[in-house]
Amino acid sequence: MAAPLAEIDLAGFIDHALLNPTATPEDVSRCCGEADRYKFATVCVYPFHVKQAVEILLNKAPKVCTVIGFPAGATTSAVKIYEAQEAVENGADELDVVINLGLLKVGKTNELHRELAEICELGQPVKAILEMALLTDDEKKMAADACMDAGVAYLKTSTGWFGGATVEDVKLLKQFTKDRVGIKASGGIRTLEQAIDLIVAGATRLGTSRGVDLMRQRDTLE
């Protein structure tokens, strides 16, 4: 791990997540302060907290990311699209959208594509959450192709609610994407070793609530 660690701007990979449903405005303020201090790529908060995060991070380096259809992805397309529109109007810079796994499971990838394409048309980078722990390899490939065709900027491994990121899945997405889009590994990333292994495997973003812990672990090695 030592060799690649020196070359990696770890903070720039991190989407600093605060997706605890009991999060308070004070928690959001703390999370944004941490993101600014360490210069994380984004903070990732629920749509309810987007306005506050945007106000705190105005003219600061971290962007504001929010989740759409989280965590199940099973709301209707109209609801997801409205949720995404409202988030963008409130200042969200990036949208992490949970795909409809029910559509995928029955092969309705055209409907899946249409939903994501409409959200992508809002103009902000979209990360499609595939929830890979619940999919076969064939379904992972179908999902990846539909999402990329719809115009997403990233494929994201998981919400963290049904299983976390694995090196194997990141490598699989790397194979599918051929560097056409980014790869976000998310869920269960608690150690610096995990984070570096995922980056080396091909992850270009890391979704984690342990961003500060990861930076502190890094600091102990320097």
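This is a predicted model: local features need pLDDT of at least 70, side-chain atom pairs count only at pLDDT 80 or more; totals for chains, interfaces and linings use all residues.
Me: How many bridges hold strand β4 (residues 94–98) to β5, and in which sense do they pair?

Reply: Strands pair when DSSP finds at least two bridges between them. Here, β4 and β5 share four bridges, in the parallel sense. Residues are numbered from 1 along each chain as its sequence is written, and side-chain values use heavy atoms, leaving out hydrogens and water.

Me: Which residues of β6 partner alanine 128 and isoleucine 129?

Reply: First, the labels: strands (E, at least two residues) and helices (H or I, at least four) are DSSP runs, numbered from the N terminus. Alanine 128 has leucine 155 as its bridge partner in β6. Isoleucine 129 stands opposite lysine 156. In total, β5 (residues 126–129) and β6 run parallel, joined by three bridges.

Me: What order do the strands of the barrel follow?

Reply: The order is β1-β2-β3-β4-β5-β6-β7-β8, a closed barrel of eight strands with parallel pairing. On average, neighbouring strands of this sheet are turned by 25 degrees against each other, direction ignored.

Me: Which strands does helix α2 (residues 25–38) touch?

Reply: Contact means heavy atoms within 4.5 Å. By that test, α2 packs on the sheet and touches β1 (14–18) and β2 (42–45). Angles run from 0 to 180 degrees between N-to-C directions, with axes fitted to C-alpha atoms, for helices over the stretch in contact. The α2 direction makes about 170 degrees with that of β1. Helix α10 (residues 211–221) lies across β1 and β8 (205–208), at about 135 degrees to β1.

Me: Are the faces of β5 covered or uncovered?

Reply: Buried means under 20% relative accessible area, exposed over 50%, partly exposed in between (1.4 Å probe, protein chains only). Both faces of β5 are covered. Val126 and Ala128 are buried on one side, Lys127 and Ile129 on the other.

Me: Which residues of helix α9 (residues 192–201) are buried?

Reply: An α-helix has 3.6 residues a turn, so residues three or four places apart point the same way. In α9, the buried residues include Leu192, Ala195, Ile196 and Ile199. Leu198 and Ala201 are buried too. After α9 comes glycine 202, with a positive phi near 135 degrees.

Me: Where is phenylalanine 162?

Reply: Phenylalanine 162 is in the loop between β6 (154–156) and α8 (167–177). Its relative accessible area is 40%, so phenylalanine 162 is partly exposed.
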